[in-house]
Structures are given as structure tokens and as C-alpha cells.
Amino acid sequence: MAKAWRWFHQLGSPKYLFQKTGQWLPWIWGATLILLAVGLYYSLWASPLEARQGQGHTVRIMYIHVPAAALSMVGYIAMAIAAIVGLVWKMKMAFAVVRSIAPAGAAMTFLALFTGSVWGKPTWGTWWEWDARMTSELLLLFLYLGFIALHASFSDRSKADKASAILAIVGVINIPIIYFSVKWWNTLHQGYSVTQKGALAPEFQVPLFTMLAGMYLLFAALVIMRLRAEIILRNQKSRWVMEWATADAKKVTHD
Amino acid sequence: MKTHRRNKLIAIIGGLVLISGAVALILYALSSNINHFYPPTEVSQGKAPMDRTIRVGGLVAYNSVKRADDGLEVAFTVTDNQNTLEVRYEGILPDLFKEGQGVIAEGKLVSKTEFKATKVLAKHDEKYMPPEVEQSLEKYGHPVQSKSTEY
């Protein structure tokens with residue numbers, strides 16, 4: 001039992017987490033760039049148009065919109081889980097993770113709303129409708145921004161961590177509402193294409209799934225970079241950070 | 001897990017359950033107002049208000065779209081396969097607007113069978129297919145548009 005939990009406690013150590021993420025980062029970035037290059041090639045050139053979306057290329061917006069929307073929700077769930085870990089186990093690194101996810105999650109939410117709006121104008125005939133799917137996704141953007149603002153409003157970091165963690169946990173209720181909105185109510189937004197068999201023609205699946213994988217990794221890379229900055233920020237006075245910083249400075253002056 | 005941690009976890013999860021319950025009740029109470037639109041049958045039964053801006057929704061009936069020779073005026077019939085409603089509209093129709101396709105029109109009722117729309121929205125269903133697939137489906141007689149289970 002003790003051994004099974006070791007990785008969990010190790011990740012709670014800022015130094016260990018900083019070193020591990022430093023080792024992962026180049027691999028994640030490499031895989032991200034490859035997947036996004038292949039995915040964008042399929043999305044923008046090597047995939048067919050859609051039969052009914054008259055402006056022809058509007059279907060290509062989906063390859064950014066669907067991953068962005070998925071990550072906006074997955075990111076928030078990850079934030080809520082990390083917030084629970086932080087509050088229950090009093091793990092400072094969990095709070096650092098929560099705070100690192102917020103900006104990337106907010107960016108994905110904005111991207112989902114923006115691409116959806118650009119797609120909606122030619123296909124539906126409107127930039128925006130107060131339909132259940134769109135309104136709940138807009139609420140998600142405000143939850144992310146609210147989290148960032150709430151955290152910034154405290155001068156004491158541990159108070160900021162705890163108060164904003166509670167907001168992150170409460171806000172997770174919105175996630176099933178977003179996901180099931182198209183099922184529970186009559187929305188302008190269409191139902192599930194990705195998970196429903198036969199809804200999405202195979203020609204569209206290849207670019208979409210490649211872009212999904214690429215965007216997930218991009219999201220992970222952004223969160224990890226932010227997390228590393230957060231670890232340094234929170235441990236400025238630790239010896240290992242001092243040593244890391246001076247070693248880096250020496251390298252710069254020698255170069 | 002240590003007792004104080006377990007108690008904290010239970011408190012957090014309990015709190016979440018309670019707030020979820022409250023949100024569920026609010027959404028349940030509001031469910032009839034969340035993007036509600038009237039199908040032609042409800043309009044013909046007189047359930048839709050005459051003097052307010054409302055939304056009506058249904059399928060565009062086949063062979064019902066009439067466009068003016070000059071200008072952007074268009075008239076079509078919206079059906080829910082039981083009753084129909086004549087819709088008049090002046091403006092640009094969305095790409096997806098097509099006979100057999102689902103639409104939502106916003107505007108005011110002129111009578112129980114006539115509607116003056118100020119906005120027409122097309123509904124995209126969950127199916128995405130390349131043009132060739134649609135052509136072959138049309139050729140072999142399978143209806144492409146889903147039979148609007150959405151409405």
C-alpha cells in the first residue's frame with residue numbers, strides 16, 4: 001500500500017515534480033508538433049468537404065472546435081480533481097497544478113466559443129443564440145476567468161489557493177450540464193457526432209482524431225510549462241531553486 | 001486514509017451533491033423555458049401567443065419554398081408531419097436551409113397558420129458526410145436528412 005502511493009507523494013515534492021516535468025517536456029512538445037502538423041494537413045487539405053455545409057470549407061472549423069471544446073471541459077475536470085487533492089491532502093503542488101490549468105483552459109473555452117460562432121454564422125445563420133449548449137459553455141469561460149480573478153485577489157497565497165479551489169470544485173457541476181445539454185433540451189447545437197456510431201463519416205474521423213490527440217498534447221505542454229514557472233515562483237527561497245537559477249545564470253554568462 | 005482527511009473529502013463530496021441537487025431543481029423548473037420553440041401543432045392548437053415574439057420550429061416541407069423573382073422575399077411551409085405553418089421571411093437564408101431540413105424561425109404569428117419571421121436559423125444534425133456519400137444515398141433512395149428526431 002505504502003509503495004503504491006509513493007508516486008503520489010513524490011509528485012508532491014516541488015523539486016521532484018520540476019525535474020520530472022523537465023524530462024517529459026521535450027517529448028511532449030515533439031509529439032505535439034508532429035501530431036498537429038499531420039492533423040492540420042489532413043484538416044485543411046487532405047479531407048473532403050461536407051455535403052450540406054454550403055460554404056464548402058466551413059466543415060474544417062470542426063477540427064479545431066471539437067478538440068478545443070473537449071479540452072475546455074476535460075481541463076476543468078482536471079482542475080477540480082487537483083483542487084480536491086489539494087484541499088484533502090493539503091498538497092501545495094496540487095494547488096500549483098490547479099492554477100496552471102486555468103489559463104490554458106480559459107484559452108480553449110474561448111477558442112471553442114469563437115470557432116463555434118464563426119461556424120454558426122454561415123451554417124445556422126447566427127453568430128450567437130442563447131441556447132443551452134452555448135450558454136453553459138460561456139458560463140464555463142466565466143468560471144475559468146472567475147477562478148483566475150479570485151486567486152489574484154488574495155495577497156496570501158495559501159488563502160488564495162483554498163478559496164479558488166472551492167470555486168473550481170463547485171464549478172465542476174457545470175460540466176455535465178454542458179455535455180448533456182444537447183440531450184436534455186432542444187438546442188440549436190447538434191447532438192453527439194463523435195461518440196455516436198455512423199454519424200461522422202470515416203473521412204472526417206482521421207483528421208479529427210489526429211487533431212484531438214495533438215491538441216490534448218498541446219494542452220498538456222502548455223499546462224506543464226506554466227506549472228514549472230509556478231513551482232519556481234512558489235519556491236523562490238528553496239536552496240535547489242537558488243542552485244538551479246545560479247547554474248542557469250552561469251551557463252548564460254559562459255556562453 | 002486518515003480520519004481528518006476522510007472527513008474533509010466527505011464534506012467536499014457532500015457539498016457538491018447538495019449544490020448539484022439545487023442546480024438540478026433550478027434547471028428542472030426552467031426546463032420549459034430553455035430554448036423552447038413551438039411546433040406547428042401547438043400553434044394550430046392556439047398554445048402560442050399571438051402578440052409576442054416567439055420561435056417556431058420544424059421541417060421545411062418539400063416543394064414549398066417560393067422565392068420572389070426580385071428581392072429576398074421567401075415563403076415556405078414548416079411542418080411537424082401533423083400540422084403546417086406558412087412562414088414568410090425577407091433576408092438571407094443560412095447555408096443549410098433546404099427542403100426537408102430542420103429550421104427554427106423567430107418572429108410573430110399573423111394567424112394560426114401564418115408566421116412572419118424576422119430571423120430564420122437552420123439546424124445542423126449530428127451527421128457529417130462527404131458530398132459523394134450524400135449523392136449516392138440520394139440516388140439509391142435513402143433519405144439523407146435524419147427524420148428530425150431532434151424536434
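This is a predicted model: local features need pLDDT of at least 70, side-chain atom pairs count only at pLDDT 80 or more; totals for chains, interfaces and linings use all residues.
Trainee: Why is α5(A) called roughly antiparallel to α7(A)?

Mentor: Helix α5 (residues 132-152) of chain A and helix α7 (residues 174-184) of chain A pack at about 160 degrees. Angles over 145 count as roughly antiparallel. So α5(A) is roughly antiparallel to α7(A). Their axes are 8 Å apart.

Trainee: Which hand does the crossing of α5(A) and α7(A) have?

Mentor: Left-handed.

Trainee: What makes Leu140(A) part of the contact between α5(A) and α7(A)?

Mentor: The test is C-beta atoms within 7 Å. Leu140(A) is one of the α5(A) residues that meet α7(A), and others include Ala132(A), Ser136(A) and Leu143(A). On the α7(A) side, Asn174(A), Ile177(A) and Val182(A) are among them. By class, the contact of α5(A) with α7(A) has seven nonpolar, three polar and two charged residues.

Trainee: How do you know that α3(A) is roughly antiparallel to α7(A)?

Mentor: The axes of α3(A) and α7(A) cross at roughly 155 degrees and come within 10 Å. The cut-off is over 145. Therefore α3(A) is roughly antiparallel to α7(A). The crossing of α3(A) and α7(A) is left-handed.

Trainee: What makes up the contact of α3(A) with α7(A)?

Mentor: Met73(A), Tyr76(A) and Ile77(A) come from α3(A). Ile175(A), Ile178(A) and Tyr179(A) come from α7(A). Met, Tyr and Ile count as nonpolar. The tally is six nonpolar, no polar and no charged residues.

Trainee: How many residues join the contact between chain A and chain B?

Mentor: 37 residues of chain A are in contact with 33 of chain B. On the chain A side, α3 (62-89), α4 (92-123), α6 (157-171) and α8 (202-234) each supply at least two residues. α3(A) gives the most, with four. The chain A side holds 21 nonpolar, 12 polar and four charged residues.

Trainee: Where does the label "transmembrane region" sit in chain B?

Mentor: UniProt lists residues 9-30 of chain B, in an unreviewed entry. Such annotations may be inferred rather than shown by experiment.

Trainee: What does the model show over residues 9-30 of chain B?

Mentor: The stretch is 100% helix and 0% strand. Its end C-alpha atoms are 31 Å apart.

Trainee: How is chain B divided into domains?

Mentor: Domain 1 covers 1-34 and domain 2 covers 40-139. The C-alpha centres of these domains of chain B lie 41 Å apart.

Definitions and conventions:
Residues are numbered from 1 along each chain as its sequence is written. Chains are lettered from A and ligands numbered from 1 in the order in which they are written. Axes are lines fitted to C-alpha atoms, for helices over the stretch in contact, and angles run from 0 to 180 degrees between N-to-C directions. Angles under 35 degrees count as roughly parallel, over 145 as roughly antiparallel, 65 to 115 as roughly perpendicular and the rest as oblique. A crossing is left-handed if the near helix is turned anticlockwise from the far one by less than a right angle, and right-handed if clockwise. Two residues are in contact if their C-beta atoms, placed from the backbone, lie within 7 Å. Domain bounds come from an automatic or database domain assignment.
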